[in-house]
Amino acid sequence: MVELMELLRGSRDDRALRTAALLRRSHPADKELQLAGLLHDMGQMLRPGDGARHAVLAAEAVRPLLGERVARLVRLHAQAGADAADGADGPGGDADAVATLRQARETAAACGPDAGVLEDWRPLLELVAAGARRAAGNAIDPLGLPRGSVPGPGGRGAGRGAGATSWPERSP
């Protein structure tokens, strides 16, 4: 999180802040879309002059911290026409979100609302990062481990505490 904030502070253009602010106003419940607006041009800061790949670079950089959806929105916002629609209508179906992100980006380029300061976005970044960590942790076992249990090397039922039984096997 510290490295991300430092990278964003290095930007001299507040267009990303204006884009995120517009998305916060138009889609207050979609926190991931707001962060995609904040981070959509991060690839240009990571590797200036890498034109067409900037969205892919940004997406790969944010995926481990903020999750798959933020990364997908960041990647798709820069793709042209049919390519973006194909990727956005796949898993997650974010075609409308991608279109909204593009529109907010264009509006912010002209002149947007008061963008505020980057530090205003830290709590939301931390909230979404915590959710992405929880989702990644539950990817292996969607139910998670029972309270007080410790994961063990023996598989799904291992390490579930004293007296715990393993999960029943299902017949085919």
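Reply: A nonpolar core is a set of buried Ala, Val, Leu, Ile, Met, Phe, Trp, Tyr and Cys residues joined through side-chain atoms within 4.5 Å. Please note that the model discussed here is predicted.

Me: How many residues does the largest nonpolar core have, and which have the most contacts inside it?

Reply: The largest nonpolar core comprises 34 residues. Leu35, Leu38, Leu39, Leu66 and Leu125 are those with the most contacts inside it.

Me: Which helices each supply at least two residues of this core?

Reply: At least two core residues come from each of α1, α2, α3, α5 (54-66), α6 (68-76), α8 (95-111) and α9 (122-137).

Me: Take Leu39, then. What is it in contact with, leaving aside neighbours within four places in sequence?

Reply: With those neighbours set aside, Leu39 contacts Leu4, Leu8, Ala58, Val62, Leu66, Val70, Val74 and Leu125.

Me: How many residues of α3 are buried?

Reply: Helix α3 is mostly covered, with 7 of its 9 residues buried. These are Leu33, Gln34, Leu35, Ala36, Gly37, Leu38 and Leu39.

Me: Let us turn to Met5. Where is Met5 found, and what does Met5 touch, not counting residues up to four places away in sequence?

Reply: Met5 belongs to helix α1 and is buried, at a relative accessible area of 0%. Apart from residues up to four places away, Met5 touches Leu118, Glu119, Arg122 and Leu125. Met5 and Glu119 are 114 residues apart along the chain, and 8.2 Å separates their C-alpha atoms.

Me: Now Asp14. Is Asp14 buried or partly exposed?

Reply: Asp14 is partly exposed, because its relative accessibility is 36%. Asp14 lies in the loop between α1 and α2. Between Asp14 and Val117 there are 9.0 Å in space, C-alpha to C-alpha, and the two are 103 residues apart in sequence.

Me: Stepping back, how many helices and strands does the protein chain have?

Reply: The protein chain contains 9 helices and 0 strands. Its pattern along the sequence reads α-α-α-α-α-α-α-α-α.

Me: What share of the residues in the protein chain is buried?

Reply: Of the 172 residues in the protein chain, 37% are buried. The accessible surface comes to about 10100 Å², and 55% of that belongs to carbon and sulfur atoms.

Me: What about contacts between residues at least 6 apart in sequence?

Reply: Within that set, 59% join residues at least 24 apart.

Me: Lastly, the largest pocket. How much space lies in it, and which residues lie nearest its centre?

Reply: The largest pocket holds about 250 Å³ of space. Its lining has 15 residues, and Leu8, Ser11, Asp13, Ala16 and Met45 lie nearest the centre.

Me: Which helices each supply at least two residues of that lining, and what is the lining by class?

Reply: The helices are α1 (2-9), α2 (15-26) and α4 (42-46), each with at least two lining residues. By class, the lining of the largest pocket has 7 nonpolar, 3 polar and 5 charged residues.

Key. Residues are numbered from 1 along each chain as its sequence is written. This is a predicted model: local features need pLDDT of at least 70, side-chain atom pairs count only at pLDDT 80 or more; totals for chains, interfaces and linings use all residues. Side-chain values use heavy atoms; hydrogens and water are left out. On a 1 Å grid over the protein atoms alone, a cavity is a set of points where a 1.4 Å probe fits but cannot get out, and a pocket is an open set with protein on both sides within 12 Å along at least five of seven lines; lining residues have an atom within 4 Å of a point. Grid points are joined across faces, edges and corners, and a volume is the space filled by probe spheres set on the points. Helices (H or I, at least four residues) and strands (E, at least two) are DSSP runs, numbered from the N terminus. Ala, Val, Leu, Ile, Met, Phe, Trp, Tyr, Cys and Pro count as nonpolar, Asp, Glu, Lys and Arg as charged, and the others, Gly among them, as polar. Buried means under 20% relative accessible area, exposed over 50%, partly exposed in between (1.4 Å probe, protein chains only). Contact means heavy atoms within 4.5 Å. Accessible areas come from the Shrake-Rupley method with a 1.4 Å probe; for residues, only the protein chains shown count as cover.
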